[in-house]
Amino acid sequence: MQIAFRTHDLGVKGLENAVQKCVSCGISAVQLVAYKFLDDVKYVPDGLTKERAEEIGKALKAAGISVPLIGAYFNPVHSNKEKVANCKAVFKDYLKYSALLGCNIVGSETGSFNDDKWTYNPLNRTEDALNTVIKTFKELALYAKEVGAYIGMEGAAGHVCWNVAALKRAVDGVGEDNVKVIFDVYNYLDARNYKNYLEILDEGLKTFAGKIAVFHVKDCVFEDGKLKQVAPGKGMFDFNKILGKIKAYDKDATLVLEGTTGDDILPCIGFIRQVWNKV
């Protein structure tokens, strides 16, 4: 098992600072989202150059930091089609340079008709929406094959792939063997189903057996009729059961503590390791 953090959750800017933060915290893996922690890398086509990708990859490798996932998240059903085209071009840039960055998989969620809000819209759950997602990720998967890479797809309750079944339909619709899944049980929860998180985890592990590249790990509380994310160990999740199920699925799983920041970083690393070793 390896514990990873998103680069922009480390609380620092710049490559050297990020590496130093990882070393000081004992972090040996990151979900790399270059444009969110490097001011010189913009989320635009050609914003990441081959030379910069080489520099990033070499610096991380020299520090013993692996990259299990590259984030290049975008909204494939955004109403601004020019924006979608630009985002696909960025995604392809990251696929093209993924090996230089030290990884072979680039991931995204499946978007929402609420555009930049990424929240529930009834249009998200239509066949047209699903078909758009399938068509978009099919294009990306075929390009990924050309450059020897994989794509990762992640579902969420407010998005087009709003449950495990919808994401399964999308993955099957893309129909390429270089499609992996980013699984985040918290993403699938809302006020109606949050008590069923263990059943949803079981469904995901069974449905995507052999396809899950990384697990996003979070915790939450239910307040004022809404779910609120908190750091692992500070909420209602039973991590003995969650990590026990993940460990039974894959003892070498990558756990990305997505959204864990600041003073929570070190305690959460200790908490996850302690529970993992116990279950």
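Axes are lines fitted to C-alpha atoms, for helices over the stretch in contact, and angles between N-to-C directions run from 0 to 180 degrees. The views below come from a predicted model, in which local features need pLDDT of at least 70 and side-chain atom pairs count only at pLDDT 80 or more, while totals for chains, interfaces and linings use all residues. Residues are numbered from 1 along each chain as its sequence is written, and side-chain values use heavy atoms, with hydrogens and water left out.

**View A. Packing of helix H7 on helix H8.** Helix H7 (residues 164-174) packs with helix H8 (residues 197-207) at an angle of about 15°, the two axes lying 10 Å apart; helices (H or I, at least four residues) and strands (E, at least two) are DSSP runs numbered from the N terminus. H7 and H8 are therefore roughly parallel to each other, a term used for angles under 35 degrees.

**View B. Residues between H7 and H8.** The contact (heavy atoms within 4.5 Å) is made by Val-164, Ala-165 and Lys-168 of H7 together with Ile-200, Glu-203, Gly-204 and Thr-207 of H8. These residues divide into 3 nonpolar, 2 polar and 2 charged, with Gly counted as polar.

**View C. Strand S1 and its pairing partners.** Strand S1 (residues 2-6) is mostly covered, since 4 of its 5 residues are buried, that is, under 20% relative accessible area with a 1.4 Å probe and protein chains only. S1 pairs in the parallel sense with strand S10 (residues 254-256) over 3 bridges and with strand S2 (residues 29-32) over 2 bridges, where pairing requires that DSSP finds at least two bridges between two strands. Leu-255 in S10 is the bridge partner of Ile-3, whereas Gln-31 in S2 is the bridge partner of Arg-6.

Terms used: Parallel < 35°, antiparallel > 145°, perpendicular 65-115°, else oblique. Buried < 20%, exposed > 50% of the residue type's maximum accessible area, 1.4 Å probe, protein only.
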